[in-house]
Amino acid sequence: MIAVACDHGGYVLKKEILKHLEERGLEYKDFGCDSEEAVDYPIYARKVTSAITSGECERGILICGTGIGISIAANKVKGIRAALCTDCFTAEATRQHNDANILALGGRVVGPGLALKIVDTFLDTPFSNAERHKRRIELIEQD
């Protein structure tokens, strides 16, 4: 199950991503927002992080205008590793090396064609389970 949310700056891209997930037959939960009317991205970051930390969803996709603010808000939550990706290489590397559980995208930065490729790369790439990467994640997760 994939948790998806955005602020007003990511609304148009979120609609494209949801359509793409449906076409792939992937289950998701849409946590808003539902228009281009201005909203505060930390609210939507919290909804997705809560769904992941509770076990309701395995991974998440968050979108705001640049992807920066919503990823910062998500990364404040213990157990969350949100990665802002602007290309397929970073999406693949963050899954392999960081076992990132949230993909952050900038709706005003990445066009829909590239964004859907980034989404696919993020969702289809497994964690490497390499010892050095597990060790680094443990260090990240320390209080």
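How many salt bridges does a search of the whole structure find? The search finds nine, where a salt bridge is a side-chain nitrogen of Lys or Arg within 4 Å of a carboxyl oxygen of Asp or Glu. Before we look at some of them, a word on the model. It is predicted, so local features need pLDDT of at least 70 and side-chain atom pairs count only at pLDDT 80 or more, while totals for chains, interfaces and linings use all residues. Residues are numbered from 1 along each chain as its sequence is written, and side-chain values use heavy atoms, with hydrogens and water left out.

| Asp30 and Lys14 | 2.8 Å | 16 residues |

Lys14 counts as buried because its relative accessibility is 1%; buried means under 20% relative accessible area, exposed over 50%, and partly exposed in between, with a 1.4 Å probe and protein chains only. Asp30 is partly exposed at 37%, and Asp34 is exposed at 61%.

Helices (H or I, at least four residues) and strands (E, at least two) are DSSP runs, numbered from the N terminus. Arg81 is buried at 14%, whereas Glu141 is partly exposed at 21%. Through shared partners, salt bridges join Arg81, Arg95, Asp99 and Glu141 into one network.

Now to strand 3 (residues 59-64), where six of six residues are buried. In a regular strand the side chains alternate between the two faces of the sheet. Here Arg59, Ile61 and Ile63 are buried on one side, and Gly60, Leu62 and Cys64 are buried on the other. Strand 3 pairs in the parallel sense with strand 1 (residues 2-6) over five bridges, and also in the parallel sense with strand 5 (residues 102-106) over five bridges; two strands pair if DSSP finds at least two bridges between them. Ile63 is the bridge partner of Cys6, and Ile102 is that of Gly60.

What size is the largest nonpolar core, and which residues have the most contacts inside it? The core has 43 residues, and Ile17, Ile61 and Leu105 have the most contacts within it. Such a core is a set of buried Ala, Val, Leu, Ile, Met, Phe, Trp, Tyr and Cys residues joined through side-chain atoms within 4.5 Å. Helix 5 gives the largest share of this core, six residues. Contact means heavy atoms within 4.5 Å, and Ile17, leaving aside neighbours within four places in sequence, is in contact with Ile61, Ile63, Leu105, Leu116 and Val119.

Ile118 lies in helix 5 (residues 112-124) and counts as buried because its relative accessibility is 0%. Not counting residues up to four places away in sequence, Ile118 touches several residues, including Cys85, Ala91, Leu103, Leu105 and Val110. The C-alpha atoms of Ile118 and Phe89 are separated by 8.5 Å, with the two residues 29 apart along the chain.

Finally, Ile68 lies in helix 3 (residues 68-75) and is partly exposed at 44% relative accessibility.
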